[in-house]
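This report covers the ligand site and the aromatic pairs of one structure.

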Amino acid sequence: MKIAVFSTKPYDRDYFEKHPQASEYQLHYFETNLTDDTASLSKGFDAVCVFVNDKVHESVIKVLANNGVKLIALRCAGYNNVDVNSAKAHGLKVVRVPAYSPHAVAEHTMALILTLNRKTHKAYNRIREGNFSLNNLMGFDVFGKTIGVVGTGQIGAAFCKIVKGFGCNIIAFDLYPSEELIALGVTYGSVEDVFKTSDIISLHCPLTEDTKHIVNSSSIELMKNHVMIINTSRGALINTSDIIKGLSSKKVGFLGIDVYEQEENLFFKDLSESIIQDDDILRLMSFPNVLITSHQAYFTKEAMEEITRITYENLRAYNAGEFLKNEVK
Ligand code: NAI
């Protein structure tokens with residue numbers, strides 16, 4: 001089975017190549033994203049293996065189908081970048097890695113909160129320059145604060161359990177409240193309740209038509225003054241220009257993001273010698289109370305091992321004509 005792996009970084013290749021099943025497949029690695037411009041590279045392959053910023057829209061799927069591709073194997077959990085209906089209409093199956101390490105993302109979420117709050121990134125730089133002053137480094141106790149969680153699936157639940165250990169109150173919104181979390185002391189309310197009552201709001205729902213721009217000028221208006229907003233889910237959950245307004249007016253006190261609406265032109269790339277053309281990210285980078293990481297929340301050794309293992313398992317099951325338990329329908 002021949003597989004075209006798009007958006008390949010050296011670490012992806014390392015993990016795929018050192019896996020015991022590597023010799024059973026012919027993997028060809030492309031550094032480029034899968035887009036309209038690059039879809040023609042899929043000619044002669046049975047499957048494409050894609051990641052979060054590959055654009056698997058209808059026009060791309062038509063080219064994949066014409067080229068004989070039968071399977072789209074996502075090596076991530078979110079599938080908002082794939083037109084699943086169009087894939088189905090063209091006879092392509094879509095599989096994903098539904099959960100590889102919810103802990104990796106939940107732990108990174110807490111890292112963003114603690115770094116923003118206690119400013120350890122600034123302290124690190126200060127001390128290296130011989131500046132031992134504490135001015136402007138004051139934080140707040142996380143203990144006793146109300147944390148709002150939107151989406152309590154695998155990652156949201158892992159995050160709630162971490163936050164519980166900090167002695168926080170948790171208010172959550174999900175279409176399907178979790179009995180396990182209720183037993184743990186999590187209170188469910190409406191999304192408005194979460195926005196109105198939380199000191200820190202963390203987004204863990206998928207990007208869908210319903211959740212796109214869930215954080216916008218109107219919802220920010222509902223929030224407490226100086227709220228902290230954390231997004232480790234998908235960039236488009238936040239309306240970028242509205243959050244910039246919220247930060248400028250000081251209504252939003254802190255923003256921590258691992259994902260960004262226009263991230264595909266920036267994230268995962270070394271642009272240190274380039275002129276960045278995205279004025280919104282430049283504005284966000286200029287705020288002292290904004291912390292940005294480049295979609296690295298998933299990036300642990302354990303998560304990479306699981307992504308590789310489950311992707312090979314998805315390929316094996318497809319090749320063997322077995323039931324695809326990780327199929328996206
Ligand atoms: P999951 O499917 O286990 O949980 C998602 C939860 O969101 C479910 O409980 C679902 O009922 C809920 N939900 C769906 N629509 C909703 C709505 N309109 N309002 C409120 N809740 C809603 O997914 P998991 O594994 O927890 O991942 C969550 C998201 O995290 C993924 O969709 C992905 O976008 C993102 N992610 C980010 C990573 C990163 O590296 N930054 C890595 C992995 C996932």
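## Ligand shell

The residue shell around the ligand consists of 10 nonpolar, nine polar and three charged residues. The model is a predicted one. Among the 22 residues around the ligand, those that come nearest are Gln154, Ile155, Asp174, Thr232 and Asp258.

As for location, the ligand sits in the largest pocket.

In the side chain of Arg234, an N or O atom lies 3.4 Å from an oxygen atom of the ligand. Gly153 contributes a backbone N or O atom, 3.4 Å from an oxygen atom of the ligand.

On its own the ligand has 860 Å² of accessible area, and the protein covers 85% of this.

## Aromatic pairs

Across the whole structure, a search finds 11 aromatic pairs. One of them is formed by Tyr100 and Tyr298, with an edge-to-face arrangement, 6.4 Å centre to centre and 90° between the planes.

This pair links distant parts of the chain, its members being 198 residues apart. Tyr100 is in the loop between β5 (93-95) and α4 (102-118), while Tyr298 is in the loop between β12 (290-292) and α12 (301-319).

Technical notes: Residues are numbered from 1 along each chain as its sequence is written. This is a predicted model: local features need pLDDT of at least 70, side-chain atom pairs count only at pLDDT 80 or more; totals for chains, interfaces and linings use all residues. Side-chain values use heavy atoms; hydrogens and water are left out. A residue is near a molecule or strand if one of its heavy atoms lies within 4 Å of it. A polar contact is a pair of N or O atoms within 3.5 Å; within protein, one must be able to donate a hydrogen and the other to accept it, and residues adjacent in sequence count only if both atoms are side-chain atoms. Accessible areas come from the Shrake-Rupley method with a 1.4 Å probe; for residues, only the protein chains shown count as cover. On a 1 Å grid over the protein atoms alone, a cavity is a set of points where a 1.4 Å probe fits but cannot get out, and a pocket is an open set with protein on both sides within 12 Å along at least five of seven lines; lining residues have an atom within 4 Å of a point. A molecule sits in a cavity or pocket if more than half of its atoms lie within 2 Å of its grid points. Ala, Val, Leu, Ile, Met, Phe, Trp, Tyr, Cys and Pro count as nonpolar, Asp, Glu, Lys and Arg as charged, and the others, Gly among them, as polar. Rings of Phe, Tyr and Trp (its six-membered ring) pair if their centres lie within 6.5 Å; planes under 30 degrees apart count as stacked, over 60 as edge-to-face and the rest as tilted. Helices (H or I, at least four residues) and strands (E, at least two) are DSSP runs, numbered from the N terminus.
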